[in-house]
Amino acid sequence: MKQSGVAFGTSGARGLVTAMTDSVCFAYTVGYLKHLASLGEFLPGTQVAVAGDLRPSTPRILRACVAAITYMGGVPVFCGYVPTPALCLHAFTLGIPSLMVTGSHIPADRNGIKFNRARGEFLKTDEATMREQDVTLPDGWFDTDGALARDITLPVITDVVPGFVARYQDFFGPDALSGLKLGIYQHSAVGRDVMVEIVEALGGTAVPLGRKDDFIPVDTEAVRPEDAALAREWASDGTLDAILTTDGDSDRPLLADRHGNWLRGDVLGIIAARFLGAAAVTTPVSSNTALEQAGFVRDIRRTRIGSPFVVAAMTEAAEAGLLPSVGYEANGGFLLASDVTQGARTLGALPTRDSMLPMICALVAARQQGVDLAGLVATLPPRFTLSDRLVEMPTAQSQARITALRADPAKGVAALGLLDACGGLAHVDETDGLRMTFENGEIVHLRPSGNAPELRVYVESDSPARTTDLLKIGMDAVSTWRDTP
């Protein structure tokens with residue numbers, strides 16, 4: 001890990017494609033399987049499901065992972081190029097390990113491997129134990145550049161899509177989206193065709209849009225200006241009821257209303273949790289505080305950013321009998337720690353990010369209330385969040401700056417110009433990065449990304465216009481950090 005620079009981020013191992021050589025990916029996978037063996041979840045003959053996204057480097061990395069599974073005596077099950085939640089649904093149902101080759105939303109010059117246990121996501125405790133495994137590369141398997149020298153081919157695809165589509169049709173019904181005309185922004189998302197299938201299986205009319213051959217790094221949390229403009233353009237003729245899309249591995253949703261305005265993931269999470277009647281909701285500290293103000297949920301748990309932290313806390317809530325227990329993230333990822341029953345239909349637990357569930361919940365909820373998506377959002381308390389990122393900001397540099405700011409927040413806030421912009425500092429939360437709440441209720445949250453050399457900036461206020469201004473103030477304040485180490 002030290003030699004390659006490929007390290008664990010908020011969700012799995014991530015690194016530059018040039019650093020993720022076949023030998024590095026092989027070693028990671030062997031270490032993963034050795035860890036599972038110590039837990040009794042892997043032994044020779046165990047099936048291990050694998051899938052990947054549409055990045056150019058993914059097939060090569062998949063071959064390295066399959067080689068490692070074969071070397072360890074496992075049986076690789078290739079599920080094709082499918083959404084992460086489709087892979088997980090298949091593997092969790094069978095109780096077998098699985099891994100997804102994906103870099104999620106980050107650019108194509110990077111990639112990653114997301115590991116899962118037999119019935120749930122890899123947690124941070126699993127990562128720590130996996131690091132301790134001793135891995136020796138077998139002689140003759142790699143050349144001097146770390147490229148796989150063995151003739152390893154991917155197995156015949158096991159089709160997991162029908163079961164994934166049936167999950168939503170069985171719970172929501174075949175007419176849940178009837179009469180709705182829904183744009184599907186396909187870009188290079190691995191689930192672009194599956195999204196069309198699901199919409200049509202629920203009775204909606206799907207209109208594919210923006211399909212691309214090149215990989216597009218769509219970030220559901222920091223929406224690109226290009227994607228904002230595309231949504232407005234597609235919505236301009238007034239024929240679409242909504243526009244749906246996802247990130248690269250299709251586990252994080254992005255939903256736009258009929259005007260082409262993208263909904264924030266933490267707003268979508270609140271709507272979905274309310275629709276499902278959640279008794280417990282777990283979400284990272286960066287998510288919109290409208291959740292607390294909405295008052296519909298008995299138990300709220302705030303965590304660090306990253307699905308492993310959400311999974312751990314929402315599982316604790318479920319084990320405490322707070323059912324249904326759900327989790328969501330500001331990037332839109334929605335997770336179920338327990339089954340949800342409505343009438344005669346039950347939706348099974350899926351403790352990993354699910355992009356389709358919250359979007360369908362929002363569309364069905366709007367229909368039930370006789371409003372459009374904008375009207376549905378208006379039923380929530382008026383709290384608005386935005387985020388952006390300072391790219392090419394080395395993680396160590398971000399951490400050093402935040403450490404200095406943490407040492408004297410009042411002085412640091414003044415130096416950044418936030419004292420003049422927001423007034424006095426009321427509270428500082430160090431759960432993940434530095435989240436500063438001011439006396440006027442506004443929030444500025446600074447955090448190094450766990451997946452790329454970027455500094456994330458999150459803001460929250462009581463109005464859209466002020467939130468936009470606040471994000472610019474926050475980004476301008478930290479922009480000098482990159483130029484002055």
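## Close-up views of a predicted model

**Figure 1. The largest nonpolar core of this predicted model.** Helix 11 (residues 356-369) gives the core its largest share, 10 residues. Apart from this core lies another, made of 36 residues, including Met-72, Ile-113, Phe-115 and Leu-148. In soluble globular proteins, nonpolar side chains tend to be buried together.

**Figure 2. Phe-334 and its contacts.** Which residues touch Phe-334, leaving aside its neighbours within four places in sequence? Among them are Gly-269, Ala-272, Ala-273 and Leu-276. Val-326, Gly-327 and Tyr-328 are in contact with Phe-334 too, and so are Thr-352, Arg-353, Asp-354, Leu-357 and Pro-358.

**Figure 3. The whole chain, for orientation.** Step back for a moment to see where the close-ups belong. The secondary structure comes to 16 helices and 22 strands. The radius of gyration is 22 Å, close to the 23 Å that the globule rule gives for 485 residues, so the chain is as compact as a globular protein of that length. Its C-alpha atoms fill a box of roughly 65 × 55 × 45 Å along the principal axes. Of the 485 residues, 59% count as buried. Look also at the contacts between residues at least 6 apart in sequence: 68% of them join residues at least 24 apart.

**Figure 4. Helix 6 (residues 192-201) and what covers it.** Is this helix mostly covered or mostly uncovered? Helix 6 is mostly covered, with seven of its 10 residues buried. The buried residues are Arg-192, Val-194, Met-195, Val-196, Ile-198, Val-199 and Ala-201. Their cover includes helix 5, helix 11, strand 7 (181-187), strand 8 (205-211) and strand 9 (242-246). Just after helix 6, you can find Gly-203, which takes a positive phi of about 90°.

**Figure 5. Ser-398 in helix 13 (residues 395-407).** Ser-398 has a relative accessible area of 0%, so this residue is buried. Beyond its neighbours within four places in sequence, Ser-398 is in contact with Met-393, Pro-448, Glu-454 and Leu-455.

**Figure 6. Gln-133 in a loop.** Find the loop between helix 4 (124-131) and helix 5 (161-172), and you will find Gln-133 there. With a relative accessible area of 22%, Gln-133 is partly exposed. Setting aside neighbours within four places in sequence, Gln-133 is in contact with Gly-31, Lys-34 and His-35. Gln-133 and Pro-308 are 175 residues apart in sequence, and their C-alpha atoms are 20 Å apart in space.

**Figure 7. Backbone angles at Ser-250, Glu-392 and Pro-324.** Most residues other than glycine have a negative phi, and most peptide bonds are trans. Ser-250 is not a glycine, yet its phi is positive, about 60°. The place of Ser-250 is the loop between strand 9 and strand 10 (253-256), and at 3% relative accessibility Ser-250 counts as buried. Glu-392 is not a glycine either and has a positive phi of about 55°. Glu-392 lies in the loop between strand 18 (384-390) and helix 13; at 59% relative accessibility, Glu-392 counts as exposed. Where is the cis peptide bond that involves Pro-324? This bond joins Leu-323 and Pro-324, with omega of about -5°. Pro-324 sits in the loop between helix 10 (307-319) and strand 13 (325-328).

Technical notes. Residues are numbered from 1 along each chain as its sequence is written. This is a predicted model: local features need pLDDT of at least 70, side-chain atom pairs count only at pLDDT 80 or more; totals for chains, interfaces and linings use all residues. Side-chain values use heavy atoms; hydrogens and water are left out. A nonpolar core is a set of buried Ala, Val, Leu, Ile, Met, Phe, Trp, Tyr and Cys residues joined through side-chain atoms within 4.5 Å. Buried means under 20% relative accessible area, exposed over 50%, partly exposed in between (1.4 Å probe, protein chains only). Helices (H or I, at least four residues) and strands (E, at least two) are DSSP runs, numbered from the N terminus. Contact means heavy atoms within 4.5 Å. The radius of gyration is taken over C-alpha atoms; the globule rule is 2.2 Å times the number of residues to the power 0.38.
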